[in-house]
Amino acid sequence: MAKKALHIRSDSPKHLRMAYKVMMTAEFYKELTVSAISPDEARVLAEERIRARQSAFLACGYSIGDVEIIGVEE
């Protein structure tokens with residue numbers, strides 16, 4: 001199946017449009033498997049790994065803000 005181009009634009013004529021900078025928060029969910037000696041250490045290691053890999057996010061225009069640990073399971 002051919003991939004469709006994503007064109008989400010205003011239907012208004014270009015000469016009537018203004019440029020707007022829109023700031024937003026987009027959350028995502030990620031599960032990591034972390035080897036640690038306690039749930040507390042696992043939380044710390046998981047957050048450190050996410051923050052250490054944020055160069056890929058920055059290259060796409062994202063910035064990691066809050067990291068919320070939802071839970072830790074053995």
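Student: Is Y20 buried or exposed?

Tutor: Start by noting that this is a predicted model. Exposed means over 50% relative accessible area, and buried means under 20%. Y20 has a relative accessible area of 69%, so Y20 is exposed.

Student: Where does Y20 lie?

Tutor: Y20 lies in the segment before helix 1. Helix 1 covers 39-52.

Student: Which residues make the nonpolar surface patch?

Tutor: The patch is made by M18, Y20, V22 and M24. Its area is about 580 Å².

Student: Now salt bridges. How many are there?

Tutor: The idea is a side-chain nitrogen of Lys or Arg within 4 Å of a carboxyl oxygen of Asp or Glu. By this rule the count is two.

Student: Which residue forms a salt bridge with R43?

Tutor: R43 pairs with D40. Their closest N and O atoms are 3.0 Å apart.

Student: Why are R43 and D40 separated by about one helical turn?

Tutor: Because they are three residues apart in helix 1.

Student: And how exposed are these two residues?

Tutor: R43 is partly exposed, with a relative accessible area of 33%. D40 counts as exposed, at 54% relative accessibility.

Student: What about E47 and R51?

Tutor: Their side chains meet in a salt bridge, with an N to O distance of 3.1 Å. E47 and R51 are four residues apart in helix 1, so about one helical turn separates them. E47 has a relative accessible area of 28%, so E47 is partly exposed. R51 is partly exposed as well, at 30% relative accessibility.

Student: How do I look for empty space?

Tutor: Roll a probe the size of a water molecule over the atoms, and it shows where empty space is left. In this model, the largest pocket has a volume of about 1,400 Å³.

Student: Which lining residues are the closest to the centre of the largest pocket?

Tutor: They are F28, K30, V67, E68 and I69. The lining of the largest pocket has 36 residues.

Student: Which helix gives the most to the lining of the largest pocket?

Tutor: Helix 1 does, with six residues.

Student: How many lining residues of the largest pocket are nonpolar, polar and charged?

Tutor: Sort the lining by class. The largest pocket has 19 nonpolar residues, eight polar ones and nine charged ones in its lining.

Notes. Residues are numbered from 1 along each chain as its sequence is written. This is a predicted model: local features need pLDDT of at least 70, side-chain atom pairs count only at pLDDT 80 or more; totals for chains, interfaces and linings use all residues. Side-chain values use heavy atoms; hydrogens and water are left out. Patches are made of residues with over 30% relative accessible area and no salt bridge: like charges are joined within 9 Å, nonpolar side chains (Val, Leu, Ile, Met, Phe, Trp, Tyr) within 5 Å. Accessible areas come from the Shrake-Rupley method with a 1.4 Å probe; for residues, only the protein chains shown count as cover. Helices (H or I, at least four residues) and strands (E, at least two) are DSSP runs, numbered from the N terminus. Buried means under 20% relative accessible area, exposed over 50%, partly exposed in between (1.4 Å probe, protein chains only). On a 1 Å grid over the protein atoms alone, a cavity is a set of points where a 1.4 Å probe fits but cannot get out, and a pocket is an open set with protein on both sides within 12 Å along at least five of seven lines; lining residues have an atom within 4 Å of a point. Grid points are joined across faces, edges and corners, and a volume is the space filled by probe spheres set on the points. Ala, Val, Leu, Ile, Met, Phe, Trp, Tyr, Cys and Pro count as nonpolar, Asp, Glu, Lys and Arg as charged, and the others, Gly among them, as polar.
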